[in-house]
Amino acid sequence: MPLAARLARSLLRSAVRPGPAQRGLVSGPPQQPLGPGESVVGFLVMFATCLGPAAWVLAHLEEYKKRE
């Protein structure tokens, strides 16, 4: 058997072999609810990542206009 065929066979063997089914997302209430501090930190991070770049551009708009 050629080397390339043996290599392809060994690589494909694990992909073809059935394994345990992967668990999907489980809906329902969380096992450990978030506290108010964790919620505040999460909202602040989302706020900064979404609105931070837009605020930076608006704050430096005059500098961008000067570059022609």
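Helix α2 gives the largest share of the nonpolar patch, three residues. That is where I want to start.

First, the ground rules. This is a predicted model: local features need pLDDT of at least 70, side-chain atom pairs count only at pLDDT 80 or more, and totals for chains, interfaces and linings use all residues. Residues are numbered from 1 along each chain as its sequence is written, and side-chain values use heavy atoms, without hydrogens and water.

Now the layout. The protein chain has three helices and zero strands. Helices here are DSSP runs (H or I, at least four residues), and strands are E runs of at least two, numbered from the N terminus.

How confident is the predictor? pLDDT gives its confidence in each residue, from 0 to 100. The protein chain has a mean of 83, and 82% of its residues reach 70 or more. Helix α1 (residues 3-16) is lowest, at a mean of 72, and helix α2 (residues 36-59) is highest, at 95.

UniProt, in an unreviewed entry, lists residues 40-59 as "transmembrane region". Such annotations may be inferred rather than shown by experiment. Over residues 40-59 the chain is 100% helix, with end C-alpha atoms 25 Å apart.

Back to the patch. W56, V57, L58, L61 and Y64 form it on the surface. The elements giving two or more residues are α2 and α3 (61-66).

Why does W56 count as exposed? Because its relative accessibility is 52%, and exposed means over 50% (buried is under 20%, partly exposed in between; 1.4 Å probe, protein chains only). Of the chain's 68 residues, 1% count as buried.

How values were computed:
pLDDT is the predictor's confidence in each residue, from 0 to 100. Patches are made of residues with over 30% relative accessible area and no salt bridge: like charges are joined within 9 Å, nonpolar side chains (Val, Leu, Ile, Met, Phe, Trp, Tyr) within 5 Å. Accessible areas come from the Shrake-Rupley method with a 1.4 Å probe; for residues, only the protein chains shown count as cover. A salt bridge is a side-chain nitrogen of Lys or Arg within 4 Å of a carboxyl oxygen of Asp or Glu.
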